[in-house]
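Please look over the structure shown here.

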Amino acid sequence: MVDLKVPLVQEIEDVANREIPDRPYDPERIPDDLSKKPVNAFLEGLPEVSTIVCTICDDAGAPEADFVEQYRKIARCLAHGLVPSALFRRSGAAPSWVVTLINIAYIFQCTEISDLFEVVEKADPKDVSDNARLRQRIEEWTLKAIADFFP
Amino acid sequence: MSVMTREEILRRLESPPEDVCALVLTPLAYDEGTGEPQDIDEDSIDLRLGTRFLLPRVHHAECLRYPTDERENYFEAVEAAEIRSDEYITIPAHGTVLGSTLEYLKLPYDLSGQVLTRSSLARRFITIATAPWIHPLYRGCLTLEIANASNTAIKLRPKAPIGQLVLFKLDDVSRPKSDRIESKYFGPTYAELPM
């Protein structure tokens, strides 16, 4: 069995366990390299994980291709406060996997939520409750899209 | 102000969803033969009942004060319920529940909407909307105040046609640069407590 990049796992654990300062949340005060570490670690480990999964599961490449193909379309919907199923109904192309939708929504939430803040007046990216509310909305829109697509 | 026709509604549905001119409506049922949406009438859009509800319950407080009471106080006055699409929600005689449309929608910058009770329901003493006006660029499922004015309980099933949305074209509104809107009641997928 291939070694699953123990140092990367360690890095993610370090970030998860870091001390949370007792002051208002301010994303600009988090050093850039620290905030990007978990995503970079994930992306670095991804090809290796993908290879392992492909050796175990038949047709494991399909969800990955689905993700790449659908990402921009779904992210565009989420960035405008829309349930992503709207898009697929018009184009006639639905995602093949529920997992694709969940993964895209999660990555959007991690990396592009600032686009959503752009369309919501008086929502402040530095405000914890605004952040929590919009992240919850992304979850709700994703669940709604799943309910619409896979009843 | 003029009422939007089926043809105009279909044209707006074809615009890219992020466009300020786009009308978004999901889920829509499509006719297999023509490929066109089934829920669009000549001058309105059929709306169906969703699966999540807020039911009133007996509250220990003497009353709730509007608008001064904290939002948290309302939590004790309602009970959330979610049902499957093959189950029924029961509305007791003279009772009211908050529900929502199955459809999630976004209105263009130059359209307003009005929700009307379907006449077949109205004839059963049900009204579905007491705050039925929808503003341009609104997005979300629509909250419905479903009131049973009859002396008999009624059971409603999700996905049942429950209302009609009439869209009005506004005259002389300037096109905004983006679809930015206020955050209050932004993007709900089910009935929510007052903010």
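The sections below take these topics one by one.

## Basis of the report

This is a predicted model, in which local features need pLDDT of at least 70, side-chain atom pairs count only at pLDDT 80 or more, and totals for chains, interfaces and linings use all residues. Residues are numbered from 1 along each chain as its sequence is written, chains are lettered from A and ligands numbered from 1 in the order in which they are written, and side-chain values use heavy atoms, with hydrogens and water left out.

Helices (H or I, at least four residues) and strands (E, at least two) are DSSP runs, numbered from the N terminus. Buried means under 20% relative accessible area, exposed means over 50%, and partly exposed lies in between (1.4 Å probe, protein chains only).

## Nonpolar core

The largest nonpolar core has 34 residues. Such a core is a set of buried Ala, Val, Leu, Ile, Met, Phe, Trp, Tyr and Cys residues joined through side-chain atoms within 4.5 Å. The residues with the most contacts inside the largest core are L78(A), F108(A), L116(A), L134(A), I138(A), W141(A) and F186(B).

Five helices of chain A each supply at least two residues of this core: helix 3 (61–79), helix 4 (85–91), helix 5 (98–111), helix 6 (113–119) and helix 7 (128–149). Helix 3 of chain A gives the largest share, six residues.

## Salt bridges

The structure holds 16 salt bridges over all chains. A salt bridge is a side-chain nitrogen of Lys or Arg within 4 Å of a carboxyl oxygen of Asp or Glu. Side chains of opposite charge can pair when their charged atoms come close.

D179(B) takes part in two of the pairs described here. The side chains of K106(B) and D179(B) meet in a salt bridge at 3.5 Å, N to O. This pair links distant parts of the chain, 73 residues apart: K106(B) is in strand 7 (residues 96–106) of chain B, and D179(B) is in the loop between strand 13 (161–169) and strand 14 (181–182) of chain B. K106(B) counts as buried because its relative accessibility is 0%. D179(B), at 2%, is buried too. R139(B) also forms a salt bridge with D179(B), again at 3.5 Å, N to O. Here the link spans 40 residues, and R139(B) sits in strand 11 (residues 139–148) of chain B. Both R139(B) and D179(B) are buried.

Another pair in chain B joins D39(B) and R48(B), with the closest N and O atoms 3.5 Å apart. D39(B) is buried, at 9% relative accessible area. R48(B) is buried at 16%. A network of salt bridges links R137(A), E140(A) and E192(B).

## Surface patches

Patches are made of residues with over 30% relative accessible area and no salt bridge; like charges are joined within 9 Å, and nonpolar side chains (Val, Leu, Ile, Met, Phe, Trp, Tyr) within 5 Å. Accessible areas come from the Shrake-Rupley method with a 1.4 Å probe, and for residues only the protein chains shown count as cover. Lys and Arg count as positive and Asp and Glu as negative, while His and the chain ends are not counted. The place of a charge is taken as NZ of Lys, CZ of Arg, CG of Asp or CD of Glu.

E11(A), E13(A), D14(A) and E44(A) form a negative surface patch. Helix 1 (residues 6–16) of chain A gives the most to this patch, with three residues. E13(A) lies in helix 1 of chain A and is partly exposed, at 39% relative accessible area.

A nonpolar surface patch consists of V39(A), F42(A), L43(A) and L46(A), with about 330 Å² of accessible area together. L43(A) lies in helix 2 (residues 32–56) of chain A. L43(A) is partly exposed, with a relative accessible area of 47%.

## Backbone features

The peptide bond from T26(B) to P27(B) is cis, with omega near 0°. P27(B) is in the loop between strand 2 (24–26) and strand 3 (45–48) of chain B.

K122(A) is not a glycine, yet its phi is positive, near 65°. K122(A) is in the loop between strand 1 (120–121) and helix 7 of chain A, and is exposed at 67%. F125(B), also not a glycine, has a positive phi of about 70°. F125(B) is in the loop between helix 3 (119–122) and strand 9 (126–127) of chain B, and counts as exposed at 53% relative accessibility.
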